[in-house]
Each structure stands twice: as C-alpha cells, then as structure tokens.
Amino acid sequence: LAIVACHPTPAHAGSSATNGTIALSSQLVARGLALTPATPIIQAAVSWASPAGWSLGLSGSTELRSPRRITQSLLQGSRSWSLSGDWQMQASVLYYRHSGDARSTAYDRGEAGINWLYRDTLTFGVSAIRLIGAGDRRTRAAADLDVHWPLTEHLFLSGGAGVAHVPPARYSYSRYRHYRYHDREGFYRYGHVGLMWVDGPRRVELDRVATRLESSRSTPDPGASPRMASISRSF
C-alpha cells in the first residue's frame, strides 16, 4: 500500500479528491526484505489530492494477530506534473516509522524520490534514503521499476525489479534465532512477477518474489517469502 499512498488518484479539474484503501496481505515486505514473519497483515491507506498536483498520503500496517499494534506507518507528501498526455512526473518526500516485529528488522527512515509514470502501466523511480536511529549518516540510494501489463479487461501481468543499498546490520524478527543481516557495502537486488485481477475498486494479486542479498553461510536469508498474496478494496 505504499504505492497507494505515494501515487494517489489525480483529482478532477476544479476539485480535490480523497481516496482510501484497505487490504489483507500475506506478509509485510519493503524492497524485497521481510519486515514481519509470513503472517497475515492488515493494511489501510488514505490519500488526498488537489487539482494543482499536490497530494498527501498516510498508510498503516498491522499483523492480524496483534491488530492494536501498528507495525509500519508511512506519511507522504508529493507534487505531480503532467509531461504529456501519457506521461506524468512526481516528486515525493516520505517518512517510514516501524514498531513491533518490523522494528527489529528495519530502521525508521526518511526518503526523497522522483517517479515517472506512463499511464497506469509503467512506473520508474529513484530515491535517496536517510536512516533514522541507525548511527549511520550516509545517504543511500534505490531505484524501482514496476509494470502492470493488461492481458484482458480485468487481468494484468504484474512485475517489478529494483536495486538498493544493503541495509545496516539488524537482528531478525525471529524470537528464537538471532542473526544479523550482511553489512557489506554495495547494492542488493529484488523483484517480483505475478498476476493481478482488478474489477473496479477490488483487486487481488498473487506474486512470486525473489531477493538477492548476500549473507554469510551461517545466517538465514532475510528476504521475503517466495510467494505472496494480497486482496484490497478501494473507496
């Protein structure tokens, strides 16, 4: 739902628009890295967009087994421009806050990004990231590409790929096995491919996820589960 918050539906000429989404997914994942165990996650997002291209978004995620504790929250502000009839550009600033299981695997962070959007089919973005509370003042980078290619009226091929700086060492969310992420400088790669069914405000998506993050032989891979599913409803 970060994408929902980052790319709100454009407002009609002369009016502002408020939109919301609620979803159930199989795991909370950020750029190929698991923030929670493979457990059902409830997500909700609300966004506001003005005719001038300004927008605000807020989203939150929580584990279904602990619905009173927000696992990740996201606050976003952005400005969009129309480049042509098909292309749009968006500059955004985001703040991610984590708690619960996610706090043991990810630092809070601020992020500034620029995205280029082609219709509802292609999105490409580059981001500069600063971690909060990590004792690491370096600016990290990421680049993401997402595609929704129509196969039929309601069925789409969903795919994406990205590269990002390896995060600093953190303990895993496991209650029983404590291990650290690989902390070597450089980039890691991640991606997904799957099918997405859309019928008006309803959407169902099934994905195969892959994460390429080097780690020592004695440490498990902190990547996401290889298969993910989500169902959402917008209003």
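Visitor: Is Thr139 buried, partly exposed or exposed?
Guide: Thr139 is partly exposed, since its relative accessible area is 47%. Here buried means under 20% relative accessible area, exposed means over 50%, and partly exposed lies in between, using a 1.4 Å probe and protein chains only.

Visitor: Where is Thr139 found?
Guide: Thr139 belongs to strand 10, residues 139–150. Helices (H or I, at least four residues) and strands (E, at least two) are DSSP runs, numbered from the N terminus.

Visitor: And what does Thr139 touch?
Guide: Leaving aside residues up to four places away in sequence, Thr139 touches Ala128, Ile129 and Arg130; contact means heavy atoms within 4.5 Å. Thr139 and Ile129 are ten residues apart in sequence, and their C-alpha atoms are 5.6 Å apart in space.

Visitor: What kind of model is this, and how are residues numbered?
Guide: This is a predicted model, with residues numbered from 1 along each chain as its sequence is written. Local features need pLDDT of at least 70 and side-chain atom pairs count only at pLDDT 80 or more, while totals for chains, interfaces and linings use all residues; side-chain values use heavy atoms, with hydrogens and water left out.

Visitor: How many helices and strands are in the chain?
Guide: The chain has one helix and 14 strands. Of its 235 residues, 43% are buried.

Visitor: What about contacts across the sequence?
Guide: Taking contacts in the chain between residues at least 6 apart in sequence, 48% join residues at least 24 apart.

Visitor: Which residues make up the largest nonpolar core?
Guide: It has ten residues: Leu33, Tyr107, Ile129, Leu131, Ala142, Ala164, Val166, Tyr188, Tyr190 and Leu213. Strand 9 (122–132) and strand 12 (187–199) are the elements that give two or more residues to this core. Apart from it lies another core of six residues, including Ala30, Leu35, Ile41 and Ala106. A nonpolar core is a set of buried Ala, Val, Leu, Ile, Met, Phe, Trp, Tyr and Cys residues joined through side-chain atoms within 4.5 Å.

Visitor: Which residues form the nonpolar patch on the surface?
Guide: Leu24, Leu64, Trp197, Val204 and Ile231 form it, and their accessible area together is about 410 Å². For such a patch, residues have over 30% relative accessible area and no salt bridge, and nonpolar side chains (Val, Leu, Ile, Met, Phe, Trp, Tyr) are joined within 5 Å; in patches of like charges the joining distance is within 9 Å. Leu64, in the loop between strand 5 (54–63) and strand 6 (72–82), is partly exposed at 44%.

Visitor: Changing topic, how many salt bridges does the structure hold?
Guide: There are seven salt bridges, each being a side-chain nitrogen of Lys or Arg within 4 Å of a carboxyl oxygen of Asp or Glu. One of them joins Asp86 and Arg119, whose closest N and O atoms are 3.0 Å apart. Asp86 lies in the loop between strand 6 and strand 7 (87–98) and Arg119 in the loop between strand 8 (108–118) and strand 9, so the pair ties together parts that are 33 residues apart in sequence.

Visitor: Which residue does Arg97 pair with?
Guide: Arg97 forms a salt bridge with Asp108, with the closest N and O atoms 3.6 Å apart. Arg97 is in strand 7 and Asp108 in strand 8, so this pair ties together parts eleven residues apart in sequence. Arg97 is partly exposed at 44%, but Asp108 is buried at 7%.

Visitor: Which residues are joined into one network?
Guide: Arg31, Arg109, Glu111 and Asp144 are joined by salt bridges that share partners. Arg31 lies in the loop between strand 2 (29–30) and strand 3, and its phi is near 45°, a positive value in a residue other than glycine.

Visitor: Finally, is Thr36 buried or exposed?
Guide: Thr36 is buried, at 0% relative accessibility. Thr36 sits in the loop between strand 3 (33–34) and strand 4 (41–49), and a polar atom of its side chain lies 3.3 Å from the backbone nitrogen of Leu28.

Notes
A polar contact is a pair of N or O atoms within 3.5 Å; within protein, one must be able to donate a hydrogen and the other to accept it, and residues adjacent in sequence count only if both atoms are side-chain atoms. Accessible areas come from the Shrake-Rupley method with a 1.4 Å probe; for residues, only the protein chains shown count as cover.
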